[in-house]
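Open the model in your viewer and keep the selection panel at hand. The tour goes stop by stop.

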Amino acid sequence: MNNKNVGDACMTTALERPGTAAAPGRCHPMSPLTAAILAVLYPGALTLAQTSRAESLQLEEIVVTATRRDLNLQSVPQSVTAFSTADIDKLAMQGAADVISALPSVNLVAAMPGRNAIVMRGVSTGSSEYRTDSQVAVYLDDQPMTSISTQVEVRTIDLARIEALPGPQGTLFGSSSQSGTIRYITNKPDTRGFSSRVDAELGTTKGGEESYDVSGHLNIPLSDNVAVRAVGYYSVEGGYVDNVLGPTLAGDRDNADVVEKDWNDYKTWGGRIAARWQINDGWESTLSLIAQNSEADGAWESDPALGDYKITRFFDEYRDDNWYQTSLNVKGDLGFAELSATASFFDRSIKYEWDNANYSQWRSAYYGGFDPDYGTGYDNIYNTGVLIGTTFNDQKQKRSAYEVRLTSQGESRFAWMAGAFFEDVEDSWHYGARLPGLTGTTAWNVANSYACYYA
């Protein structure tokens, strides 16, 4: 145990490990008697403590790259919100929800963990525009990760800082930056020495299951100019919504085969590995690979008629979201300017299947039965009787991005930047509904009549 800030205001304790930052401690007011004893036994203790306290009250310098230059946050001529490594630890940030809740004028719309829609300054593409690119760009280092439908969930493990830039940023950050940009900047491999860190958390939810999180990093210098940094994490958020026994709207069956207590679990695991080569004093190259998988089982909604955190579903719902990204960055000093070239590739797969029983039976009841005298009435194509099914989606995205940038150097008041950016994005969906027994329904007969009539 290491005592810090032992002064006339408070005494804090923190547990430190080699290569890690001190964990935050609690502040304990110091009594006059304690101060007097310290003054007698350790004459220099209070002086040292007061000096430490004065140093702790100084503002920490935060360097950001919001303008594509390394600048002190207070020198940046635009609105930027930045969280340092210490801020991320202190606020216990783990994912997008924690980051967004700490940002002004930014909202997160998420029906379930990982299904994120980020809104900055009140500008959005709409709640159902799954095929429209987001108005907020998400970057991991210099690589764009913006995704149609739902933004990527980036675990905030071993990050140097997080930057949020409101307002149009298209000049510096490419596409999808109409209302702002959020950047995650990772800690890079360090050739100066070995370091490691392991974090573990355990939590409980009243009326639900336990949650736990394990993460860590390892920095290994391989030589004087080459280092490797590896990061890994595994997280489980226990469920608290019960899938309770109940009948369908038509009362023809129940959901006994999928009833489960604390149904909605969320698991996330992944990691990254990066290698940095310090070619010489002015040039360096960094190669990285990042991958993350997540599984969300169950539903996060509640049915008011059943009570808090209770719902009735007839299918064991799931949502899997897996992605990986690889990138190569080369940075060098040309004397008059700094050259930065980045190539990255991003691949994401989202698969889900959700219960559609209530809608299936409501639709049939609303449109009524098939009337032979009505012929091939359009409404009847939606009449599938009491059958129930699911809604599914198999969505994929591939994104290749290339950027070359020249940034002026020196203390001149005239600063310039020139660059080129190219991006190739491919999105695909296999979206639809499964309805076992469809061929025996009125809807099937009407659909075939349409096909025959219109050849």
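Which side chain of opposite charge is nearest to D262, and how far away is it? Select D262 and K261: K261 is the nearest one, 4.5 Å away. D262 is buried yet has no salt bridge. Here Lys and Arg count as positive, Asp and Glu as negative, while His and the chain ends are not counted. A salt bridge is a side-chain nitrogen of Lys or Arg within 4 Å of a carboxyl oxygen of Asp or Glu.

A word on the ground rules. This is a predicted model, in which local features need pLDDT of at least 70 and side-chain atom pairs count only at pLDDT 80 or more, whereas totals for chains, interfaces and linings use all residues. Residues are numbered from 1 along each chain as its sequence is written, and side-chain values use heavy atoms, with hydrogens and water left out.

**Stop 1: around D262**

Stay on D262. Its relative accessible area is 8%, so D262 is buried. Buried means under 20% relative accessible area, exposed means over 50%, and partly exposed lies in between (1.4 Å probe, protein chains only). D262 sits in the loop between β15 (242–243) and β16 (265–278). Helices (H or I, at least four residues) and strands (E, at least two) are DSSP runs, numbered from the N terminus.

Now show the surroundings. Leaving aside neighbours within four places in sequence, D262 is in contact with G207, G208, E209, G239, Y240, V241 and D242. Contact means heavy atoms within 4.5 Å. Check the backbone too: phi of D262 is near 50°, a positive value in a residue other than glycine. Most residues other than glycine have a negative phi.

**Stop 2: A92**

Jump to A92 for another positive phi, near 55°. A92 lies in the loop between α3 (85–90) and α4 (96–101). With 43% relative accessibility, A92 counts as partly exposed.

**Stop 3: the whole chain**

Zoom out. The protein chain has seven helices and 22 strands. Of its 455 residues, 40% are buried. Take the contacts between residues at least 6 apart in sequence: 65% of them join residues at least 24 apart.

**Stop 4: the nine-stranded sheet**

Colour the strands in this order: β12-β13-β14-β16-β17-β19-β20-β21-β22. These nine form an open sheet with antiparallel pairing. Two strands pair if DSSP finds at least two bridges between them.

β12 pairs with β13 (residues 211–221) in the antiparallel sense over nine bridges. Select S196 to find L218 of β13 standing opposite.

**Stop 5: helix α6**

Select residues 357–367, helix α6. Which of its residues are buried? They are A357, S360, Q361, R363 and S364. These cover an arc of only 155° around the axis, which puts them on the same side of α6. The arc is that of the directions from the helix axis to the C-beta atoms. The buried residues pack against β20 (337–355). Turn the view to the face away from the buried side: the exposed residues A365 and Y366 are there.

**Stop 6: salt bridges**

The count comes to 22 salt bridges. Begin with K188 and D141, which meet at 3.0 Å, N to O. This pair links distant parts of the chain, 47 residues apart: K188 is in the loop between β11 (180–186) and β12, and D141 is in the loop between β8 (136–140) and β9 (143–144). K188 is partly exposed at 27% relative accessibility, whereas D141 is buried at 12%.

Next, select E301 and R313, a salt bridge at 3.9 Å, N to O. E301 lies in the loop between β17 (283–297) and β18 (310–311), and R313 in the loop between β18 and β19 (318–333), so the pair ties together parts that are twelve residues apart in sequence. E301 is partly exposed, at 40%; R313 is buried, at 15%.

Move on to R319 and D321, whose side chains meet at 3.7 Å, N to O. Both residues are buried. Finish with D142, R161, E163 and R183, which salt bridges with shared partners join into one network.
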